[in-house]
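Here are my notes on the ligand site. Please read them with the structure open beside you.

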Amino acid sequence: MGALVRLDKYLADMGAGTRSEVKEYIRKGRITVGGKVVKQPDLKLDISQAEVYFDSRCIEYEALEYYMLNKPAGVVSATTDKHCKTVVELIETGKNKDLFPVGRLDKDTEGLLLITNDGDLAHRLLSPKKHVPKTYYAHIKGKVDEEDVIVFHSGIKLEDDFTTLPARLVIKKAGEVSEVEVTIYEGKFHQVKRMFEAVGKEVLYLKRLSMGDLVLDENLILGGYRKLTEEELNRLKG
Ligand code: URA
């Protein structure tokens, strides 16, 4: 048996309308459950079994949702914000599903962000004990060299005395502006920027490419998103 949800909440959660709109649809006899018109908005339904139709449209209850977002710069990793657009506002499902971002990217950082309403999965991915790897592509002001690779690999003491776990730094192009990939195993505030600061360099551009087994789909334009595939989700859940 699945969870029990009131009919009006079931419909509103699935984007059929606001709570008062769906009550009206129910009152007008437009909703059937198991083939019968139901007029009680507070009828409790087993979400794993109920066959709910709105006119001729079948409405299945999807309790948990998982989206991969290619976060653009200028958008904040939050659910609400007084001044800026949030990553959750970019996901236009029309549903009321309590979505939130799994972890944070800085406002000016682009790339992979998982948006979900699965608190358990988020908790596991963000647990400091799990050391889930996160890989970033970055442009760095100044020439990144083998010395930096060694320092990153040894773990870096940041300005607040926190010492990072060994990180993998791969130089893609060394020059006045270097291109690198860096993999870290924690998620401290501004961590990549602070690691480069600690070796006297500045991050000019930062984009997350992967988190654990989840890899950014390069077909997603900035601000684009899609549902995770079954396979991606299974791998992420381990
Ligand atoms: N490290 C940073 O400095 N910023 C991010 O957004 C992510 C990792």
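**Notes on the ligand site**

1. Start with the surroundings. Nine names to find: the residues around the ligand are L105, D106, T109, Y136, H190, Q191, V192, K193 and L206. Keep in mind that this is a predicted model.

2. Next, sort these neighbours by class. The shell around the ligand holds four nonpolar residues, three polar ones and two charged ones.

3. T109 uses its side chain: one of its polar atoms lies 2.8 Å from an oxygen atom of the ligand. H190 uses its backbone instead, with an N or O atom 3.2 Å from a ligand oxygen. K193 also places a backbone N or O atom by a ligand oxygen, at 3.0 Å. How much of the ligand does the protein bury? Taken alone, the ligand exposes 240 Å², and the protein buries 96% of that.

4. Turn to the space itself. The ligand takes up the largest pocket.

5. Which helix gives the most to the shell around the ligand? Helix α5, residues 191–198, does, with three residues.

6. Finally, step back to the whole chain. The domain assignment divides it into domain 1 (4–58), domain 2 (66–128 + 214–237) and domain 3 (134–211). Domain 2 and domain 3 each supply at least three residues to the shell around the ligand. The C-alpha centres of domain 1 and domain 3 lie 51 Å apart.

Definitions and conventions:
Residues are numbered from 1 along each chain as its sequence is written. This is a predicted model: local features need pLDDT of at least 70, side-chain atom pairs count only at pLDDT 80 or more; totals for chains, interfaces and linings use all residues. Side-chain values use heavy atoms; hydrogens and water are left out. A residue is near a molecule or strand if one of its heavy atoms lies within 4 Å of it. A polar contact is a pair of N or O atoms within 3.5 Å; within protein, one must be able to donate a hydrogen and the other to accept it, and residues adjacent in sequence count only if both atoms are side-chain atoms. Accessible areas come from the Shrake-Rupley method with a 1.4 Å probe; for residues, only the protein chains shown count as cover. On a 1 Å grid over the protein atoms alone, a cavity is a set of points where a 1.4 Å probe fits but cannot get out, and a pocket is an open set with protein on both sides within 12 Å along at least five of seven lines; lining residues have an atom within 4 Å of a point. A molecule sits in a cavity or pocket if more than half of its atoms lie within 2 Å of its grid points. Helices (H or I, at least four residues) and strands (E, at least two) are DSSP runs, numbered from the N terminus. Ala, Val, Leu, Ile, Met, Phe, Trp, Tyr, Cys and Pro count as nonpolar, Asp, Glu, Lys and Arg as charged, and the others, Gly among them, as polar. Domain bounds come from an automatic or database domain assignment.
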